[in-house]
Amino acid sequence: MTDPRIAVLATLDTKLEEARYVAEQIRRHGGVPIVVNIGTDDVEDELVSVTQQEVRAHAEPDDTSEPKARLMRSAAIGARALLRAKITAGQIDAVIAIGGGQGSWISSTALRDLPVGFPRLLVSTAGRDVGQYTKFADLTNVFSITDVAGLNPLLTRVLSTAAAGIVGMARSTAWREALPDGLTAMTVYGITTPGARLIMKELDAAGIQTVAFHSNGVGGPTMEQQIASGTFRAVLDWSITEVADDVVGGVCAVGPGRLTNAPRLGLPQVIVPGGVDVVNFGAPDTIPAHLRGRLTHAHTPEATLLRTNAEENVEIATLVADRIRHTRAPIRIIVPLGGFSSLSEAGQALSDPEADRAFLTTLKTQLNDHPLITVSSVDAPINSPEFAAHVAGSFLALVHSTTNGDN
């Protein structure tokens, strides 16, 4: 392999010396730095490979925001477009970015939507709050320890290690390999996992490879992002517990994007209300006062699951219907009336058949006349072989019918 070419992103009007140091360390470890200025002003220096004007030339005009926000957004969008073009052309093998608050925002916005597995590393002043930048991407973060405001013995240690790391990461070629055709996205949740394993085994035997996402407030949005990027051919949303948190106010709430991308893009989808019987909270004392006294289950000492009631399940079902009713492809919703998780099966602590049926009844009322959506139920618990076999058969029939153009 030739020496890896590594883009170095920084606001050079404020981080020139730090970027110079990173570039030197990249050379020391056998890489070729390509320094990209994402700052607000151009910098006259031999270090610069791509000027900020060249970066902004890749962004769409924006007259809708304040000048500072407009500059930051154009730098981020321009850098993202520039990097994508260079990746496609085979001109870079990795990216490292350094920044404080503004630089981290610009860099992370540019880096999040690059191909899965593409080596990218952000050295940022955001330690515990780095999630605001990485969000749902495989973007590696290194905490700068000190402010990125001039070189010092602590920062140079961090930057040296980060530079060595990105050179090593750049030698990986795994991200260049094409993903298999026909991948299926699937959500899984701890108390729906036994059934998920059964159905994954059945789909695998039929030649359908699934990629599982943990519905814990991160997995669902990550799956949605990957659906939007074109990774998947179909979706089996087995565990939509995050939507219950959206309605009731649990810690795994994810906001309005959940359940929206498959319908928008026209991907065939099966939805199972796995985990809709619970809402996620932390330790028992974190449950809001107005919800205390309800049925709960201690999943761990720091994770308490609150049973949803019939009224909440009506709201959850209404939300689900609203998010999917504009679908461009067929959707099958299959409800396990024997329990939405291992905790609500007959005889278990959170069993409430009336609440479960309220979810089903509401969906049928909301979507009864929809030409592309069918709502059905099976009188079995979600983790039973009977239910897994039924869903597997329905999913395979749906994928087969859409592949052959018969909706």
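**Helix packing and sheet arrangement in the predicted model**

Ser 104 lies in helix 4, which is formed by residues 101-111. The model described here is a predicted one. In this model Ser 104 is buried, because its relative accessible area is 0%, and a residue counts as buried when that value is under 20%. When its neighbours within four places in sequence are left aside, Ser 104 is in contact with Gly 99, Leu 122, Ser 124, Thr 125 and Tyr 133.

Helix 4 also takes part in a packing arrangement with another helix. Two packed helices are described by the angle between their axes and the distance between the axes. For helix 3, which comprises residues 67-88, and helix 4, the axes come within 7 Å and cross at roughly 40 degrees, and the crossing is right-handed. On the side of helix 3 the contact is made by Lys 68, Met 72, Arg 73, Ala 75, Ala 76, Ala 79, Arg 80 and Leu 83, while helix 4 contributes Gln 102, Trp 105, Ile 106, Thr 109, Ala 110 and Leu 111.

At the level of the whole chain, the secondary structure comes to 13 helices and 15 strands. The C-alpha trace spans about 70 × 55 × 40 Å along its principal axes, and buried residues make up 53% of the 407 residues in the chain. Among contacts between residues at least 6 apart in sequence, 72% join residues at least 24 apart.

An open sheet of six strands, with parallel pairing, has the order 8-7-9-10-14-15. Strand 8 (210-214) and strand 15 each have a single partner strand, so one side of each of these edge strands is left without a neighbour in the sheet. From one strand to the next, the twist of this sheet averages 20 degrees. Strand 14 and strand 15, which run parallel, are joined by six bridges, and Pro 336 has Val 378 in strand 15 as its bridge partner.

An open sheet of three strands has the order 11-13-12 and is paired in antiparallel fashion. Its edge strands are strand 11 (278-281) and strand 12 (296-300), each of which pairs on one side only, and the twist averages 25 degrees from one strand to the next. Helix 9, made up of residues 241-248, packs on this sheet and touches strand 11 and strand 13; the direction of helix 9 makes about 75 degrees with that of strand 11. Strand 11 and strand 13 (residues 303-307) run antiparallel and are joined by four bridges, with Asn 280 standing opposite Leu 305 in strand 13.

Helix 12 relates to strands of both sheets. The 15 residues of helix 12 (residues 353-367) should span 21 Å at 1.5 Å a residue, and this agrees with the model because the end C-alpha atoms of the helix are 21 Å apart. Within helix 12, Ala 355, Asp 356, Ala 358, Phe 359, Leu 360, Thr 362, Leu 363 and Leu 367 are buried. The cover over these buried residues includes strand 10 (269-274), strand 14 (331-336) and strand 15 (373-378), together with strand 13 and helix 11 (310-324).

Definitions and conventions:
Residues are numbered from 1 along each chain as its sequence is written. This is a predicted model: local features need pLDDT of at least 70, side-chain atom pairs count only at pLDDT 80 or more; totals for chains, interfaces and linings use all residues. Side-chain values use heavy atoms; hydrogens and water are left out. Two strands pair if DSSP finds at least two bridges between them. Helices (H or I, at least four residues) and strands (E, at least two) are DSSP runs, numbered from the N terminus. Axes are lines fitted to C-alpha atoms, for helices over the stretch in contact, and angles run from 0 to 180 degrees between N-to-C directions. Contact means heavy atoms within 4.5 Å. Buried means under 20% relative accessible area, exposed over 50%, partly exposed in between (1.4 Å probe, protein chains only). A crossing is left-handed if the near helix is turned anticlockwise from the far one by less than a right angle, and right-handed if clockwise. The expected span of a helix is 1.5 Å times one less than its number of residues.
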